[in-house]
Amino acid sequence: MIQIRPVSDLRNKFPEIESTVNNGQPVYLTKNGYGAMVVMSLDKYAELTDDIELKLDEADYAAAVSDIRYSHDEVFKRLKEGIDG
């Protein structure tokens with residue numbers, strides 16, 4: 001079940017939020033009735049970002065071994081062609 005709590009609970013009910021987060025569920029925090037942030041475990045965050053970090057490392061390596069550079073217009077044109085076929 002989605003956990004939505006006021007940001008004040010982060011201070012006042014930290015053990016409850018910590019328990020929820022440690023069980024693999026994110027906690028959505030609101031401020032003045034509007035979404036403010038999401039709290040999640042480090043493991044869950046790593047699960048979400050590891051693939052991105054790997055791809056960024058691959059891109060850094062590719063840039064280091066090549067002198068070829070593309071403008072953002074060229075990159076987006078190639079992406080669009082790949083999507084549109």
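A residue is called buried when its relative accessible area is under 20%, exposed when over 50%, and partly exposed in between, with a 1.4 Å probe and protein chains only. At 70% relative accessibility, Asn 32 therefore counts as exposed. The structure is a predicted model, in which local features need pLDDT of at least 70 and side-chain atom pairs count only at pLDDT 80 or more, while totals for chains, interfaces and linings use all residues. Residues are numbered from 1 along each chain as its sequence is written, and side-chain values use heavy atoms, with hydrogens and water left out.

The overall plan of the chain comes next. The chain holds 4 helices and 3 strands; these are DSSP runs numbered from the N terminus, with helices (H or I) of at least four residues and strands (E) of at least two. Along the sequence their order is β-α-α-β-β-α-α. The chain is more spread out than a compact globule, because its radius of gyration is 20 Å, well over the 12 Å that the globule rule gives for 85 residues. That radius is taken over C-alpha atoms, and the rule is 2.2 Å times the number of residues to the power 0.38. Along the principal axes, the C-alpha atoms fill a box of roughly 55 × 25 × 20 Å. Of the 85 residues, 12% count as buried.

Contact means heavy atoms within 4.5 Å. Among the contacts between residues at least 6 apart in sequence, 23% join residues at least 24 apart.

Ile 2 lies in the segment before β1 and, at 59% relative accessibility, counts as exposed. Its C-alpha atom is separated by 7.7 Å from that of Pro 26, 24 residues away along the chain. Gln 3 belongs to strand β1 and is partly exposed, with a relative accessibility of 23%. Between the C-alpha atoms of Gln 3 and Tyr 28, 25 residues apart along the chain, the separation is 6.0 Å. Beyond its neighbours within four places in sequence, Gln 3 is in contact with Thr 20, Pro 26, Val 27 and Tyr 28.

Arg 5 is also placed in strand β1, which covers residues 3-6. Is Arg 5 buried or exposed? Arg 5 counts as buried because its relative accessibility is 14%. Its side chain makes a polar contact with the side chain of Gln 3 at 3.3 Å; such a contact is a pair of N or O atoms within 3.5 Å, where within protein one must be able to donate a hydrogen and the other to accept it, and residues adjacent in sequence count only if both atoms are side-chain atoms. Leaving aside neighbours within four places in sequence, the residues in contact with Arg 5 include Lys 13, Glu 16, Ile 17, Val 27 and Tyr 28.

Asn 32, with which this account began, sits in the loop between β2 (27-31) and β3 (34-39). Most residues other than glycine have a negative phi. Phi of Asn 32, however, is near 55 degrees, a positive value in a residue other than glycine.
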